[in-house]
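Dear colleague,

Please find below the sequence and the structure that I am handing over to you.

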Amino acid sequence: MEARLAGTDASTSSPERAPGGVVADYVMAPGTPWAGPVTRGHVLRLIAVEGQQVGDFVCFNLRRPDEKFSPPNTAILNKTVRLTIGHTLYSDEASAMFTIVADSVGLHDVLAGACSKYTNKLRYGVGDSANCRDNLASVLEPYGIGWKDVPYAFNIFMNVPIGADNSVKIEEPISRAGDYIDLRAEMDCLVAISNCPQVLNACNAYRLKPLRVIVYEPAEGSGGRGDHPRRIHAPGLPGT
Ligand SMILES: [Zn+2]
């Protein structure tokens with residue numbers, strides 16, 4: 001944790017002050033989902049309002065929702081499972097969907113999928129339980145997208161370290177209050193995010209918190225890289 005750097009000058013990088021025209025601004029209550037369109041060139045900012053809260057992010061081609069986010073394509077085409085600034089989210093047809101243009105954390109997950117009532121039952125023996133896959137399906141249903149068609153997610157702020165023995169585990173997020181990530185749409189997309197309701201493991205540090213989503217049109221010439229930090233806090237990444 002000590003390796004985290006202080007953010008850039010707060011006077012120019014307040015996460016609530018998007019560098020451009022705000023298209024949508026929504027606070028996701030703990031455990032709840034959100035869905036909405038994001039036009040090509042616009043930027044979706046997800047803010048960890050209190051820190052240590054994961055948002056499961058999926059996206060679809062807005063014009064043709066049978067094209068959707070692909071975690072394996074994204075990992076293999078970026079040649080890493082550690083996605084941060086400069087990396088691209090790819091579809092199942094290998095189209096660029098979003099590019100990460102700002103990231104104050106540098107630690108997210110593309111392996112863990114999304115929690116479901118099935119995995120909760122298998123792992124924790126619980127019956128019907130709040131979960132990200134049902135959350136995502138509930139906000140995608142009005143768009144004609146069914147549960148089985150919801151792709152596995154890019155898990156923003158989720159901490160899933162890979163051990164030297166290739167083990168994986170879920171640990172508490174390292175994000176702090178006000179940390180955020182900016183994703184610039186490379187095509188017109190439909191986005192859904194589940195503010196993860198998981199309390200049975202360390203995913204959200206055992207307490208559910210709000211997330212805030214802001215969609216903005218970047219100011220002229222900013223290229224979606226406005227006055228916010230481009231360096232990241234997490235240790236262990238090349239170039240940090
Ligand atoms: Zn979840």
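This is a predicted model: local features need pLDDT of at least 70, side-chain atom pairs count only at pLDDT 80 or more; totals for chains, interfaces and linings use all residues.

The average pLDDT of the chain is 90, and 86% of the residues score at least 70. Residues 1-12 have a pLDDT below 50, and in the model this stretch has 11 contacts beyond near neighbours in sequence. I would ask you to read that stretch with this score in mind.

Overall fold

The chain contains 4 helices and 10 strands. Read from the N terminus, the elements follow the order α-β-β-β-β-α-β-β-α-α-β-β-β-β. Of the 240 residues, 45% count as buried. Of the contacts between residues at least 6 apart in sequence, 77% join residues that are at least 24 apart.

As a general point, the strands of a sheet pair through backbone hydrogen bonds.

Within this sheet, strand E3 (residues 43-48) and strand E10 (residues 211-218) are joined in the antiparallel sense over 6 bridges.

Leu-211 belongs to strand E10. Is Leu-211 buried or exposed? Leu-211 has 27 C-beta neighbours inside 10 Å, and it counts as buried because the cut-off is 20 or more. Residues up to four places away in sequence aside, Leu-211 touches Met-28, Leu-46, Ile-47, Ala-48, Val-49, Gln-53, Gly-55 and Asn-195. Tyr-180 is 31 residues away from Leu-211 along the chain, and the C-alpha atoms of the two are separated by 9.7 Å.

The sheet of four strands

A further open sheet is formed by 4 strands in the order E2-E9-E4-E7, again with antiparallel pairing. Strand E2 (33-38) and E7 stand at its edges, each with a single partner strand, so one side of each has no neighbour in the sheet. Neighbouring strands of this sheet are turned by 25° against each other on average, direction ignored.

Strand E4 (residues 55-61) is mostly covered, with 6 of its 7 residues buried. E4 pairs with strand E9 (residues 189-195) in the antiparallel sense over 7 bridges, and Gly-55 has Asn-195 in E9 as its bridge partner. E4 also pairs with strand E7 (residues 154-156), in the antiparallel sense over 3 bridges. In that pairing, Phe-57 stands opposite Phe-154 in E7.

Two helices

Helix H4 (residues 132-140) lies across E2, E4 and E9, and runs at about 50° to E2. How many of the 9 residues of H4 are buried? The count is 7, so H4 is largely enclosed by the rest of the structure. The buried residues are Cys-132, Arg-133, Asn-135, Leu-136, Ala-137, Val-139 and Leu-140. Their cover includes E2, E4 and E9.

Helix H3 (residues 117-124), by contrast, is hardly covered: the count of buried residues among its 8 residues is 0. H3 is followed by Gly-125, which has a positive phi near 70°.

The nonpolar core

In soluble globular proteins, nonpolar side chains tend to be buried together. In this model, the largest nonpolar core has 60 residues. The residues with the most contacts inside the core are Leu-46, Cys-59, Leu-136, Val-191 and Val-213. Of these, Leu-136 is also one of the buried residues of H4.

Which residues does Leu-46 contact, leaving aside its neighbours within four places in sequence? Leu-46 is in contact with Gly-55, Ile-156, Tyr-180, Ile-181, Ile-193, Leu-211 and Val-213. Val-213 is itself among the core residues with the most contacts.

Yours sincerely

How values were computed: Residues are numbered from 1 along each chain as its sequence is written. Two strands pair if DSSP finds at least two bridges between them. A residue is buried if 20 or more other C-beta atoms lie within 10 Å of its own, exposed if 12 or fewer, and partly exposed in between; C-beta atoms are placed from the backbone. Two residues are in contact if their C-beta atoms, placed from the backbone, lie within 7 Å. Axes are lines fitted to C-alpha atoms, for helices over the stretch in contact, and angles run from 0 to 180 degrees between N-to-C directions. A nonpolar core is a set of buried Ala, Val, Leu, Ile, Met, Phe, Trp, Tyr and Cys residues joined through C-beta atoms within 7 Å. pLDDT is the predictor's confidence in each residue, from 0 to 100.
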